[in-house]
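Biologist: Can you walk me through this model? I would like to go from the overall layout down to single side chains.

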Amino acid sequence: MKKLFIASLILISGLSFSQIAVGTTEENNNRWIFGGGIGFGFGSNSMFNLQASPRVGYRLTDDLEAGVTGTVMWQTSDFYNSTMFGVGPFVNYYFARSFYVSGNLQHFFINYKDKYYDFKASDEETALYLGGGYLQRIGNNSFLQLGIMYNVLYKENNSIFANGLVPSIGFVVGL
């Protein structure tokens, strides 16, 4: 049950996730990309979650960036509280200025408290998300990013996540 709640909240957060990456123009020759996103979700039994996912990257070429991303998520409901922290490297490759492929390895640390039974637990899990998507230009260096990722390390009945599939919607500035 705990895994289902956590995974549902992650999926809801992923759907409301917004990503912003800020960099400078090529003229300034600054290849650093800073950004991240926030997400939130609501559900039954007074469920609420809040997520922040900062990232910092470096453009290795005009189409390839790599860096470090993190995730911090807090969830609460009438029955439980949980916090999750994740950190790891990512890589994005952009092609035809309209599409991208992405990889993201994160190791998650989870603390969970069941309010009804006064039970506490901690867990860890590593996820390797591979996927891609579409970029739609919405300004000079601004893009709407629509994608889907799959956790290739996901194991049914042995994961904190409900499934390995994660849709994403983001906003990227500075590509």
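Predicted model: local features only at pLDDT ≥ 70, side-chain atom pairs only at ≥ 80, totals over all residues.

Biologist: What is the average pLDDT of the protein?

Modeller: The average is 79, and 79% of the residues score at least 70. The pLDDT is the predictor's confidence in each residue, from 0 to 100.

Biologist: Where is confidence lowest, and where is it highest?

Modeller: Strand β1 (residues 18–22) is lowest, with a mean of 45, and β7 is highest, at 93. Residues 3–28 have a pLDDT below 50, and beyond near neighbours in sequence this stretch has 90 contacts in the model. A contact means heavy atoms within 4.5 Å.

Biologist: How many helices and strands are there?

Modeller: The protein has 1 helix and 10 strands. Along the sequence the pattern reads α-β-β-β-β-β-β-β-β-β-β. Helices (H or I, at least four residues) and strands (E, at least two) are DSSP runs, numbered from the N terminus.

Biologist: How much of the protein is buried?

Modeller: Of its 175 residues, 39% are buried. Buried means under 20% relative accessible area, exposed means over 50%, and partly exposed is in between (1.4 Å probe, protein chains only).

Biologist: Now the charges. How many salt bridges does a search of the whole structure find?

Modeller: The search finds 3 salt bridges. The rule asks for a side-chain nitrogen of Lys or Arg within 4 Å of a carboxyl oxygen of Asp or Glu.

Biologist: Which residue does R31 pair with?

Modeller: R31 pairs with D62, and their closest N and O atoms are 3.5 Å apart. This pair links distant parts of the chain, 31 residues apart: R31 is in the loop between β1 and β2 (32–43), and D62 is in the loop between β4 (55–59) and β5 (64–76). R31 is buried at 18% relative accessible area, whereas D62 is partly exposed at 45%.

Biologist: And what about R55?

Modeller: R55 forms a salt bridge with E65, with the closest N and O atoms 3.3 Å apart. R55 is in strand β4 and E65 in strand β5, 10 residues apart. Both partners are buried: R55 has a relative accessible area of 9% and E65 has 1%.

Biologist: Which side chain meets K113?

Modeller: That is D118, at 3.9 Å from N to O. K113 is partly exposed, with 31% relative accessible area, and D118 is exposed, with 56%.

Biologist: Switching to rings. How many aromatic pairs are there?

Modeller: The count comes to 7 aromatic pairs. Rings of Phe, Tyr and Trp (its six-membered ring) pair if their centres lie within 6.5 Å; planes under 30 degrees apart count as stacked, over 60 as edge-to-face and the rest as tilted. One of the pairs is Y80 and Y112, which is stacked because the ring centres are 5.8 Å apart and the planes are at 20°. Y80 is in strand β6 and Y112 in strand β7, 32 residues apart.

Biologist: Is Y80 buried or exposed?

Modeller: Y80 is buried, at 0% relative accessibility, and Y112 is buried too, at 10%. Y93 and F95 make another stacked pair, with centres 6.3 Å apart and planes at 20°. Here Y93 is partly exposed at 37%, and F95 is partly exposed at 36%.

Biologist: Which aromatic cluster do those two belong to?

Modeller: Y93, F95, F99 and Y134 form one cluster. These four are also among the residues of a nonpolar surface patch of about 730 Å², which includes V101 and I138 as well. Patches are made of residues with over 30% relative accessible area and no salt bridge: like charges are joined within 9 Å, nonpolar side chains (Val, Leu, Ile, Met, Phe, Trp, Tyr) within 5 Å.

Biologist: Which strands each supply at least two residues of the patch?

Modeller: They are β6 (80–95), β7 (99–114) and β9 (142–151).

Methods:
Residues numbered from 1 in each chain as written. Heavy atoms only, no water. Areas by Shrake-Rupley, 256 points an atom, 1.4 Å probe, with all protein chains shown as cover.
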